[in-house]
Amino acid sequence: MAATTRPSPTLYRVCCNCNAPDADVKCSCLAVYYCGLACQQAHILEHKHECTHLLCKSIKKKDAVISQLQVQGCSDGVASVELMVLEQELARVHYKVGTLMMHSLQPAKYPEAETHFKHALHLYRKVEASRGTLRGAAARAAAGKLADKAADQSLYDTLVDFGQLYGLTCQNDDELQVYQEALQEVRGDIAHASTPQLQRHLSNILSAMGHMYISQYRSQITNGAKGDKRKCTDANALLKEALSIQRAFSQDGMAADTLKILASAHGYLEMFDEARSSLKQALHLARCCDGEESAKVAICHQEMAIICQEQVQAIIKQLYMHMGGARGGGGL
Ligand SMILES: [Zn+2]
Ligand SMILES: [Zn+2]
C-alpha cells in the first residue's frame, strides 16, 4: 500500500531523489518530480518499478514478443510453456500498473486501471486454462517455470484490488460480482486442495467483502437514508469467517484490522457489548504488532470512545421510551 502514501503531485513538488523543494522536472508518469535530469537519472533504477509510463512501455514490448510467438505457432508443448511464462509476466505488469493507477489519487486514471485489471485477469485465467491441457515433458517444464496458481498471489490479489477499484468508483453491483466470483473460485480451489496461501486469499476476499458492505451501509446512513441492516448482518458473518482464518494463521496485523471493521458492524447492529469486546481484542493485537504509540492503537481507542458514546445514547433512548410508556400507562 506504499503507493497510497505517495504525495499528491499537485501538492508537493519535492525532488524524489534529493528532496529539494520546487522540483520542476516531471516524469512522464506524472506521479513524481525531480529537481533536474541528473536526479531523474540517479533515481531511475528505483522508480522504474513504480513508473506507469515505463511499465506501459514494457507491456507494449511484451505484447509484441507474444504476438510474434503466436504467429510462429507453438509446434510443441514446451514452446507453448514459454508463451505461458511470458503471458504470466505480462499479467503481473498489468496488475502492477492497475494498482499504481488505482492508488494514484487521480480518479481520471481509474478507467485505465480497470482496463489493466481486466487484461491481468484474462491472462491469468488463460495461463491457468492452458496449464490444465499440458501433458508429459511440457507439464514438467511448466511446473518448474510457471508460478503455481495456489502459490501465486496475483490472480486473487487482482480480484480483491479490482473489487476495491469498483468500490472507489461506486460501481456497487460490479464490486459485489467480482467478490462473489472470487469467493466461489477460491472456495472451489480449497475444496480441491487446501493450502495456507489459498486460505490467506479466502480471508482477504472475505474481509474485503465485509468492508464493502460496511462502507455501503455507512454511506447510506450518512446520506440520510435508512440503512439496509442486512448489509451489516452479512458483513458480520463474512468478517467472522475471515477472522477465524487470520487467527488460525497468526496474521495478527490483519486480524486487528478485521476486528475493527467487525466492531463497526456490531455497532451498527446495536450489539455494543460485542463491539467493545472486538475492539479490546483489536487493541491488544495492535499493541503487539505496532506498539502503544501507533496510529492503529490510537484508532482503536477512538473507535472505543465512539462505541461507548453510542451505547450510552441507546441506553438513554430506551430509558426515555420506558418512562414515556410508564407515563402513558399511568394516564389510562
Ligand atoms: Zn533532486
Ligand atoms: Zn515515472
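Good morning. Helix α9 crosses helix α10 in a left-handed manner; a crossing is left-handed if the near helix is turned anticlockwise from the far one by less than a right angle, and right-handed if clockwise. This is a predicted model, in which local features need pLDDT of at least 70, side-chain atom pairs count only at pLDDT 80 or more, and totals for chains, interfaces and linings use all residues. Residues are numbered from 1 along each chain as its sequence is written, while chains are lettered from A and ligands numbered from 1 in the order in which they are written.

Helices here are DSSP runs (H or I, at least four residues), numbered from the N terminus. Helix α9 covers residues 229–248, and its axis lies 9 Å from that of α10 at an angle of about 155°. α9 is therefore roughly antiparallel to α10, a term for angles over 145 degrees. Axes are lines fitted to C-alpha atoms over the stretch in contact, with angles from 0 to 180 degrees between N-to-C directions.

Let us turn to α10 itself. How many of its 17 residues are buried? The count is 15, so α10 is mostly covered; a residue is buried if 20 or more other C-beta atoms, placed from the backbone, lie within 10 Å of its own. Just after α10, Glu-270 has a positive phi of about 60°.

Finally, α10 (residues 252–268) also meets helix α11 (residues 272–290), where the axes come within 8 Å and cross at roughly 160°. These two helices are therefore roughly antiparallel as well, and their crossing is left-handed.

Methods
Angles under 35 degrees count as roughly parallel, over 145 as roughly antiparallel, 65 to 115 as roughly perpendicular and the rest as oblique. A residue is buried if 20 or more other C-beta atoms lie within 10 Å of its own, exposed if 12 or fewer, and partly exposed in between; C-beta atoms are placed from the backbone.
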